[in-house]
Amino acid sequence: MKKILSVFLVPVFALLFSLNAKSESLTLGWAAWDPANALQELSKEFTAETGVEMNFEFVPWPNFAERMLNELNNQGKTFDLLIGDSQWIGQGAEYGHYVKLNEFFDANGISMDDFNPATVYAYSTWPKGSPNYYALPAMGDALAWAYRKDWFDRPELQAEFKGKHGYDLGVPKTWDELYDMCTFFQGREIDGQVRYGAAINTERGSEGITMGVTAAMYAWGMQYENPDKAYDMDGYFNSDASVEAVEFYRKMYEDCAPPGHSDAYMVANLDAYKSGQVAFQMNWYAFWPGVSKEDSDGRVSGFFANPCQNVCAATLGGQGISVVKYSDKQDLALEYMKWFAKPDIQQKWWDLGGYSCHMDVLGSPDFVDSAVYAQGFLDSMGIVKDFWQEPTFVELMLPMQERIHDYVVNGKGSAKEALDKIIDDWTEVFEDDGKI
Amino acid sequence: MKSAVKKFKGLSDKAIAWIFIAPTLILLLAINIYPLIYAIRMSFTNFYANKIGREVKFVGLKNYKKILGKEEIWEKMQITAHFVCWTLVLQALIGLGLALLLNKKFKGNELLTTLIVLPMMLSPAVVGVFWTYLYNPQVGLFNYVVNFFYDFGIFDMIGSSTLAPWSIVIVDTWMWTPFTMLICLAGLRSIPNYLYEAAEVDRASKWQQFIHITLPSVLPFLLLALLFRGIENFKMFDLVAELTSGGPGSATELASINLKREAFEKWKTGYSSAFAVILFVTIFGFGNVYVKVMNKIKDR
């Protein structure tokens, strides 16, 4: 009997023991994209160092905000750590979803001065610019452009373009030049296939078209509100320059986008580019390591920051990493954050394809030459602008998505009407929120 | 068996009936009635489910007034009406036509029936996704087929505000016509043969037989199918959300898609509860009128 018992009980105890040994674990939530895979790879080192197992839930972008914000609003315990969009910081702080990190940073010698100031401002602070930190800058990002360098390098195309426009076919310095180049490629047959100008953001459901159109609006000098009077938007958001930018974006959609590109965002733009349909794609820096990896000799693709127009500016992407207030493992989550903030880990993060915001990485003499898009990334991070980061940002985002899509893709009304209606919608949101 | 009978001894028939009904009744109250009452209560407040700690105030009919006075809500209702009406008309005509065809005996009848009913076995979300590929202007099969018959050139079903409302009508019709067809087929197969034999004896033409025998017999079945489809399409969400996300702009933003955005993206819980109540009352009202009309037709 003893023998029988030992035969059964030994493996059971061994199993329980091994489960107990691995019982410490953390769950991190982020969007499902290339950098998430890089982080998963990087985190193996954390597990090796600490024995804490890392679990990940990566949600596809179209559902990312909805899934994560639902989880936070329901005070769910699924995630210990969350890499949330920059616009969520207001909500995370004001509704108490994120742990305030000041004390932890002070106690562990983590200084926000060690991180790129634009990323600290955008990803970590609430109220904006105040020394109240709710996230550690995790993934710097901005909207940028990739172009088919191999097509641009063809002498016959260069000659034809110069003959037509009087300047060289190359990286566009302004949106006007970008338009010239896009239309140059639109419908052109190259290597026996019809090509198109540019894959730009037109997605309706989440944030796509807003992120795209604001890339133009920022370059035209758009401001959301009166700098001297908060939430005073009339004459700023719907200024003549803003109207011109929105009209320009529609012109880009009509004259440069491939057929059927009416509800496209990150993956659709990437697909259109990779399949050789378009000369340009608008996308986040996060995707460039993937594009670059497939082009080892750098002959096919080139990258550049958002072109200037009246001013130089770029749409901010990227995220900070936060500890979820409802997690039962806050201490462990903070340990992960402490580990992630180390300069050597930040360097590895960049090497694996993540966009570190740490100044040791960005300021390293080798950084600019470490990737073909590194200089563009540095340039962009100096000129980034973000959408409202108010706690009500979703309520602010949705009407903009609808109105802009209605004008740009649907061709309904005028740009001025669209912007005026957005201001009406936003005013209602701010009034309801007690801000005005 | 005897012991089971013994256990019920002393209980009246009514009590036994209640025991059997009670679980269903409790579930119904918990899952349907309670949330309905709760939603009605919330519709009179300014409640936001995501604003924890914010004071919830009673706002009376403010949400209802706001919704009914909003031009955009009426636009969504018009888009919904366009979708519901056209899908019902097309599904009634094509469904009845297919049922008449499949009611004939021919080789391969059963295989054809199986193939025709396949679309309704699929998940609406999946259908929505794969039709986005079929509608792709560059590589989509739909555009290829249309251009095969007449050269329209490149056209974008989903990206055009004129075509997008029809794109969702086409997909829903493709998916759910088999349902109407099956119910009509059941109706056709229940018509006794002697009616047609008697009509032939009376030298009635095929058209007269259809008008005086087939159509009146199958009409109650068809109306029932349309009732189900009407209710479903009034609430349509998944297929359209995947296919167009309500776009371009708001060209295909049905009432239910707008409701979801208000409730679970903007988190305007009080406001969206009021909207949900309005939609519920509308569909309930239409449904009741329809059933009364249907019963009158049946009684004739």
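Helix α8 of chain B covers residues 164–189, and its end C-alpha atoms are 38 Å apart. Helices here are DSSP runs of H or I with at least four residues, strands are runs of E with at least two, and both are numbered from the N terminus. The expected span of a helix is 1.5 Å times one less than its number of residues; the 26 residues of α8(B) should therefore span 38 Å, which agrees. The helix has a kink of about 40° at W176(B), shortly before the proline P178(B). The bend at a residue is the angle between axes fitted to the seven residues ending there and the seven starting there.

The model is predicted: local features need pLDDT of at least 70, side-chain atom pairs count only at pLDDT 80 or more, and totals for chains, interfaces and linings use all residues. Residues are numbered from 1 along each chain as its sequence is written, while chains are lettered from A and ligands numbered from 1 in the order in which they are written.

Chain B as a whole has 13 helices and zero strands. Its radius of gyration is 25 Å, well over the 19 Å that the globule rule gives for 300 residues, so chain B is more spread out than a compact globule. That radius is taken over C-alpha atoms, and the rule is 2.2 Å times the number of residues to the power 0.38.

Chain B touches chain A through 24 residues, against 21 residues from chain A. Two residues are in contact if their C-beta atoms, placed from the backbone, lie within 7 Å. On the chain A side, α3 (61–73) and α19 (393–408) each supply at least two residues, and α19(A) gives the most, with six.

Most residues other than glycine have a negative phi, and most peptide bonds are trans. A cis peptide bond joins W126(A) and P127(A), with omega about -5°; P127(A) sits in the loop between α6 (117–124) and β4 (136–139) of chain A. Another cis bond joins G247(B) and P248(B), with omega about 0°. D191(A), not a glycine, has a positive phi of about 55°, and counts as exposed because it has 8 C-beta neighbours inside 10 Å.

Terms used: A residue is buried if 20 or more other C-beta atoms lie within 10 Å of its own, exposed if 12 or fewer, and partly exposed in between; C-beta atoms are placed from the backbone.
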